[in-house]
Amino acid sequence: MCGIVGYIGNKQASEIIVDGLSKLEYRGYDSAGIAVVNDNDTINWAKKKGRLAGLEKILAENPIQGTVGIGHTRWATHGAPSDVNSHPHLNSAETLAVVHNGIIENYMQIREILTEEGYVFKSETDTEVAVHLIDKYYEGDLLAAARKAVSVFRGAYALGVVSSEHKGELVAVRKESPLIVGIGEGEYFIASDVPAILKYTRNVYYLENDEMVHVKDGVLTIYDGNNNVVEKELKTVEWDIEAASKGGFDHFMMKEIYDQPQAIRDTLLRRLDEEGMIHLDDIKLTKEDLEGITKMYIVACGTAYHAGLVGKFAIEKLAKVPVEVDIASEFRYSDPFIDEHTMLIVVSQSGETADTLAAMKLAKAKGARVLAITNVVGSSVAREAHDVFYTWAGPEIAVASTKAYTAQMIAFYMIALDFAYKKGAVIIERYQELIKNIEGLAAKVESILANKDAIEQYSKDMKDTHNAFYLGRGVDYTTAREAALKLKEISYIYTEAFAAGELKHGPIALIEEGTPVLCVVTQDALEEKMISNIKEVKARGAFVIAIAKEGNTEVAKVADDVIYIPVAEDLLMPVLAVIPTQLISYYVSIARGNDVDKPRNLAKSVTVE
Ligand code: M6R
């Protein structure tokens, strides 16, 4: 987790770094800090527990001058959020400063050795060993000292290092934690993610594992893990800066909810040729490859996992391959049965989720063909996978995932349909019909959004509750699970989703007079069963809000309220059914006075195990 920004050039570093950090707060916001080498060849630093605004206040009162610096926004792993645990960390002479993202797993051993040697630690962080170890190895060459220190570390990390004795230098390294280098006019940037530097440059190098960056006297050199100079391809970032900002909405989450029709269109339409056939450019699987696959796993975390559950329905129904879906943190330790006939699909908006990345590496090592569905070009999962499907949802900043989820579902429909067609499991007429139906979802999402004020009313029924329940059957149960996750993570209301048929085996004991129960009822074959389940909870005092297809009059007879959504074929209904639940979560969170985009205890990108 955590966000790193670094600058070296001829402008004031502090402003650029703080601006960059403001774009990275989604990575963590427990504390923020900065260290700048000033003209007197000393390091000036400031750091503060809490949001970036706290650091900005300090800098407004005591500006820091200098053209080389590093900054950090933290999501605490080792040591509680506090001023002293904030980054940057400095050596005792304050000649070296380090910012760090990730975890140095063997930091305890290193700390013990350094302590015996007389190094004094101020913080509880793993990061502090980095600065002291570089100090220990320093013999006049900053790069060599950093390189030697890094060779001792185990774990996942990205580091930025500056020294008052090397005013014209910046050193950085990437291992399993994302880091990019931006190239400006006579200036260089390092950052954990593109939005941090987009205002200044679109030209970036995406670092690979173990690559080390050295800027010295205006010259950038990148080394691989064996200390060989590497020539990397400079990439141009196509994102619009506006796409990475709120676009007139009060919160990123609402903007991103509204981005969904476009995300559906972009993810689908750019992959259709003039005949309306799907072309998955970064997926090289042939008909023969597909026929050789006897089993698929879909592995992901959180919302991406829920998209995987929808993916299972689509792939099994269309491509007729058995699919197991697992949570990445479980899968990686479950000794899964994998052979060369296994395909693993990983789903990750950020492409940097540590458990997902580890799961895919495990499956790859066991011989599986690995396909990644990710939103971030050049992300770790994209680079590690054999095949990639990029969801073109645009940058997702709010911690609560919305448009990435929708785009991931579209990705699964397309993959399932493409595989089915290649295998001869679907006829052309059905193929064309389904593409038309997927395309039609964008306008249907727009029509639900146009009804958002009516949906806001339901937040009044939910905002003061201590708990809430979501029910569904079949693929509606998946929607219920995603909806429950969304409500709990931004409202802090205890919310649980249940398979409606399972209720009478225990969970129904939780229903009391007035308990809000939101029921998703979009699957024709399961409608009668759901109506029975609604009656059961109503009989125990629940207040039932149902989400149902337009024209469904039966559900209205049993529920207290019904949110009607447009009709699509059942397989595609999760894309529509989730939209009202996103809006409800958003409005409940606002009504409770929460920080919608940055809910407590969470970070956007979970790059630690
Ligand atoms: O970047 P990823 O898709 O791998 O992230 C996975 C989860 O951490 C993420 O979906 C999380 O559950 C969201 N906060 C849910 O809104």
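This is a predicted model: local features need pLDDT of at least 70, side-chain atom pairs count only at pLDDT 80 or more; totals for chains, interfaces and linings use all residues.
User: What makes the radius of gyration of the protein chain agree with that of a compact globule?

Analyst: For 609 residues, a compact globule would have a radius of gyration near 25 Å. The protein chain has 25 Å, and therefore the two agree. Along the principal axes, the C-alpha atoms fill a box of roughly 75 × 55 × 45 Å. The chain contains 19 helices and 24 strands.

User: How many of the contacts in the protein chain, as a percentage, join residues 24 or more positions apart?

Analyst: Among contacts with a separation of 6 or more, such residues account for 71%. Buried residues make up 59% of the 609 residues. The accessible surface comes to about 23000 Å², and carbon and sulfur atoms hold 49% of that surface.

User: Why is the pair of Phe189 and Tyr200 called stacked?

Analyst: The structure holds eight aromatic pairs. In the pair of Phe189 and Tyr200, the ring centres are 5.5 Å apart and the planes stand at 20°. Rings pair if their centres lie within 6.5 Å, and planes under 30 degrees apart count as stacked.

User: How do you know whether Phe189 and Tyr200 are buried or partly exposed?

Analyst: Buried means under 20% relative accessible area, exposed means over 50%, and partly exposed lies in between. Phe189 has a relative accessible area of 0%, so Phe189 is buried. Tyr200 has 24% relative accessibility and therefore counts as partly exposed.

User: What makes helix α4 mostly covered?

Analyst: Helix α4 spans residues 127-137, and eight of its 11 residues are buried. Those buried residues are Thr127, Glu128, Val129, Ala130, Val131, His132, Leu133 and Ile134.

User: Which elements cover the buried residues of α4?

Analyst: The cover includes the strands β5 (89-90), β6 (96-104) and β7 (155-163), along with the helices α3 (107-116) and α5 (142-152).

User: How far apart are the mean positions of the positive and negative charges of the protein chain?

Analyst: The mean positions of the 64 positive and 89 negative charges are 3 Å apart.

Definitions and conventions:
Residues are numbered from 1 along each chain as its sequence is written. Side-chain values use heavy atoms; hydrogens and water are left out. Helices (H or I, at least four residues) and strands (E, at least two) are DSSP runs, numbered from the N terminus. The radius of gyration is taken over C-alpha atoms; the globule rule is 2.2 Å times the number of residues to the power 0.38. Buried means under 20% relative accessible area, exposed over 50%, partly exposed in between (1.4 Å probe, protein chains only). Contact means heavy atoms within 4.5 Å. Accessible areas come from the Shrake-Rupley method with a 1.4 Å probe; for residues, only the protein chains shown count as cover. Lys and Arg count as positive and Asp and Glu as negative; His and the chain ends are not counted. The place of a charge is taken as NZ of Lys, CZ of Arg, CG of Asp or CD of Glu. Rings of Phe, Tyr and Trp (its six-membered ring) pair if their centres lie within 6.5 Å; planes under 30 degrees apart count as stacked, over 60 as edge-to-face and the rest as tilted.
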